[in-house]
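Okay, thanks for coming, everyone. Have a look at this one on the screen, and then I'll walk you through a few backbone spots and a helix.

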Amino acid sequence: MIFKYANFTIDVDVERTRAFYQRADVPTMGEQCGCIPCQNFEKAILKAPDTVLDALRVLGIDPQKPAETFSITGDMEEDGTIWYNGWYHLCGTIVESPEVIQEMPLDRGGAAISYRWEYCYKPDPQFPFAVLPVRRAELLHQDFPNPVFQLEIDVRLPYVLDIPFKR
């Protein structure tokens, strides 16, 4: 199925993507990692507006099951949110995208392709959530269907856990 996101056009096999995310052996973020920010992400992402959750679900993505999330600052922001980056995988291809603006070496070797975040898609202009399709697939589950690409996210989510925040 073809989707147009800002300056990107993606072709997603929604059913194969959804079937992967529905598997019991695909962990939620809180199951993958025991740190407080990841535990928070799993719960807080469900507090995002329906426009954001629907933008992920229409692609077949379970919002609680990213391949990776991490706190940008490692701390809670003054407004009580945690600033996350991360990514989900999708079965499909990027049909059209803006030009690459830089390539940066990764610590693990290889090159990370970076796009300008102003090219990103924001499903709800009132909520700080942006997505950016990229032609790579880091931390890919061994059984994820091909072809595959990554949907990177940038989001600020409220701290919703009943325990004090600790790094």
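Let's start at Pro-147, which is found in the loop between β7 (129-134) and β8. Strands here are DSSP runs of E, at least two residues, helices are runs of H or I, at least four residues, and both are numbered from the N terminus. The peptide bond running from Asn-146 into Pro-147 is cis, with omega near -5°.

Quick housekeeping: it's a predicted model, where local features need pLDDT of at least 70, side-chain atom pairs count only at pLDDT 80 or more, and totals for chains, interfaces and linings use all residues. Residues are numbered from 1 along each chain as its sequence is written, and side-chain values use heavy atoms, with hydrogens and water left out.

The loop between β7 and β8 also holds Leu-139. Leu-139 isn't a glycine, yet its phi is positive, about 55°. Most residues other than glycine have a negative phi, and most peptide bonds are trans. Leu-139 counts as exposed, at 56% relative accessibility; the cut-offs are over 50% for exposed, under 20% for buried, and partly exposed in between, with a 1.4 Å probe and protein chains only.

Ala-6, also not a glycine, has a positive phi of about 50°. You'll find Ala-6 in the loop between β1 (2-5) and β2 (8-12), and at 38% it's partly exposed.

Now the helix. How many residues of α3 (residues 36-44) are buried? It's 7 of the 9, so α3 is largely enclosed by the rest of the structure. Among them are Cys-38, Phe-41 and Ala-44.
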